[in-house]
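Hi everyone, thanks for making time. I'd like to walk you through one structure today, so please have a look at it first and then we'll go through it together.

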Amino acid sequence: MSELTFTPVIGIEIHIRLKTDTKIFCACSTDTDAPANTNICPVCMGLPGSLPRLNHNVVEKGMLAGMALHCTVQPRSLFFRKSYFYPDLPKGHQISQCDLPVVADGYIEVHDAEGKLKKIRVNHLHLEEDAAAMHHSASDGRLEGASTSYVDYNRAGMPLGEIVSEPDISSSAEAVEYAMNLQRRVRYAGASDADLDKGMMRFDANVSLKCSDGRWGRKVEVKNMNSFRALERAIEFEIKRQKKILQSGGEVLQETRHWNDAKGVTSASRVKEFYRKFIVEPDLPPLIVNQEWIDRVTAMMPEMPDVRANRYVHDMGLTQEAADILTDDKATADYFEACVKAGANPVRAANWVRTEVLRVLNETQKKISEFRVKPEVLAEIVRRVDDRKLSTTQAKEVFDYMCANDCVLDDVVKKLGITEGGVAGNALAEIISNVIKANPDVLAEIQSGKDTKGKKFKFLQGLVMKESKGQAKPQEVVEALTAALKK
Amino acid sequence: MKLSREEVNDIALESRLLLTEKELDGAVKYINNFLDILDSFKELDLTNVEPFSFAEALECPLREDKVKAFTNTQGIFNESEHVDGSYFKVPRIMED
């Protein structure tokens, strides 16, 4: 009997928090650091008589996120009430676009197992409101055995975009690349900060297996992954679990499973699945987006990271690896381009940014916007190295000093005792003359022809380099010293 | 389309309605009669007719993204008896 093979079939739903100042249907702030239950009002608390009013900016950020994923804006979309009964949902229903979304039909590219580019289709992005945050703990802070849950409605009504992929993903690696690419793109578009640590990006995965004997496992929805690592591990666990069941001739149940990150397992969700009853939201007429608005938002779209990286490779001569590193974060790419615009050679500026700038940012845990060395200054340092005014070692010394201190380039060069253009000509001749005078015995030995191996010459050469603080060019030292000894 | 007694009972529970056996009989009959009427719509040719959602030709009004804090949050707290500090309290229902 030939061995059975299994192909994973994976679709991902990603919620991102859209970057706005106010909630989706009311004027409450979206500040995530606010004390519990301070950003609440009758609308997001679902009090009788209150009416939702859609935030213009939520629609715009949804369009930007959709465009970043190659989606098309839908001229007419609609809101529904998705009803279920739970304390995190004060109205008893969530307002969501569900099946008639504001943008649809896009894709994100990832690399398959053979390294080839593969399109993962994005079915749509729909707008919806977030539910409240629940804290489950006993009065002594323990989770186990707590009898009460505490609800913070600050999160109720926060604007979300839910991005639903087609089941085109075949491995956990593809899933993670899809999610990372999505994060990078919506950040570039300015649609969302997509900060995982702040719960601004959350994943659900639908995993099933296709068996080579024609059997098709049922779809299992895995929830509660809050990091890329968790997404990867949860999918891998689920593939293994389902494979084992199918191999032993069993049947995979269609169910919702919960990822437990600490234990590294998924387990059947004990929460009863509610009937998700949908009706059209009677308080919100259809959302109409006209062509003028679409054009305006299209004009707001910045160059996406992959297009930018291609430009760096083809127009500036960077390697693909360097281009990918620089474009990973928009602020870093902007910094690099400002450097080039200020006159730095692109390849050398790229090396400086990816090795020195990113190193210092990583060490100091700072953002590039807080970085002391402005791109124009780095460009000047790079240019001085090109013009041989500074050696690479000196340039790094200057750069490190400027990273740690508020100062001006020329002052730093002076302060560090650097002679721009190096020590040469008369200055070098003077150093050589002093070194020879201070070492008459060595001079005598060389002149008597005893220094057959050139060791004494090297000794003097070393002294000259030391006296010039490394600022003399070695070749010039050899030439000038040879000439001086012949005198 | 016909709904079973169990399905109607489920819908009633979701609507927070506890029906007696007699009331359930009545509800099953009432709902299925209504569904029969809807079935008669199948005779209509609805090709190229968009699903109905709104009676009036309105567009969704939009709001500027400007914070306007609600000042009477205490009033909202006063609506609930289940408050602990700055939190609303509910019986624990979530799994670990």
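Let's start with one pair of residues: M134(A) sits opposite V151(A), which belongs to strand 10 of chain A. Before going on, a word on ground rules: this is a predicted model, in which local features need pLDDT of at least 70 and side-chain atom pairs count only at pLDDT 80 or more, while totals for chains, interfaces and linings use all residues. Residues are numbered from 1 along each chain as its sequence is written, and chains are lettered from A and ligands numbered from 1 in the order in which they are written.

Back to the strands. Strand 9 of chain A pairs with strand 10 (residues 148–152) of chain A in the antiparallel sense, over four bridges. When I say helix or strand, I mean DSSP runs numbered from the N terminus: H or I of at least four residues for helices, E of at least two for strands. Two strands pair if DSSP finds at least two bridges between them.

Which strands make up the open sheet, and in what order? There are four, in the order 9(A)-10(A)-3(B)-2(B), with antiparallel pairing. At the edges are strand 9 (133–136) of chain A and strand 2 (83–84) of chain B, each pairing on one side only.

Now the interface as a whole. Chain B puts 30 residues in contact with 40 residues of chain A, where contact means that the C-beta atoms, placed from the backbone, lie within 7 Å. On the chain B side, the elements giving two or more residues are strand 1 (62–63), helix 3 (73–78) and strand 3 (87–91). Strand 3 of chain B gives the most, with five residues. By class, that side of chain B has 15 nonpolar, three polar and twelve charged residues. Here Ala, Val, Leu, Ile, Met, Phe, Trp, Tyr, Cys and Pro count as nonpolar, Asp, Glu, Lys and Arg as charged, and the others, Gly among them, as polar.

What does chain B look like by itself? Its secondary structure comes to three helices and three strands, running α-α-β-α-β-β from the N terminus on. Chain B has a radius of gyration of 23 Å, well over the 12 Å that the globule rule gives for 96 residues, so chain B is more spread out than a compact globule. That radius is taken over C-alpha atoms, and the rule is 2.2 Å times the number of residues to the power 0.38. Of the 96 residues of chain B, 3% count as buried. Buried means 20 or more other C-beta atoms within 10 Å of a residue's own, exposed means 12 or fewer, and partly exposed is in between, with C-beta atoms placed from the backbone.

On to chain A, which has 15 helices and 17 strands. Of its 487 residues, 38% count as buried. The domain assignment, which is automatic or from a database, gives domain 1 (6–293), domain 2 (303–415) and domain 3 (425–486). The C-alpha centres of domain 1 and domain 3 of chain A are 72 Å apart.

Which residues touch the most other members of the largest nonpolar core? Among its 80 residues, they are I16(A) and A205(A). Helix 1 (residues 56–68) of chain A supplies the largest share of this core, seven residues. A second, separate core has 32 residues, including Y335(A) and V413(A). A nonpolar core is a set of buried Ala, Val, Leu, Ile, Met, Phe, Trp, Tyr and Cys residues joined through C-beta atoms within 7 Å.

Last stop: I436(A), in helix 12 (residues 425–438) of chain A. Is I436(A) buried or partly exposed? I436(A) has 19 other C-beta atoms within 10 Å, so it is partly exposed. Beyond its neighbours within four places in sequence, I436(A) is in contact with L443(A) and A484(A).

Methods
Two residues are in contact if their C-beta atoms, placed from the backbone, lie within 7 Å.
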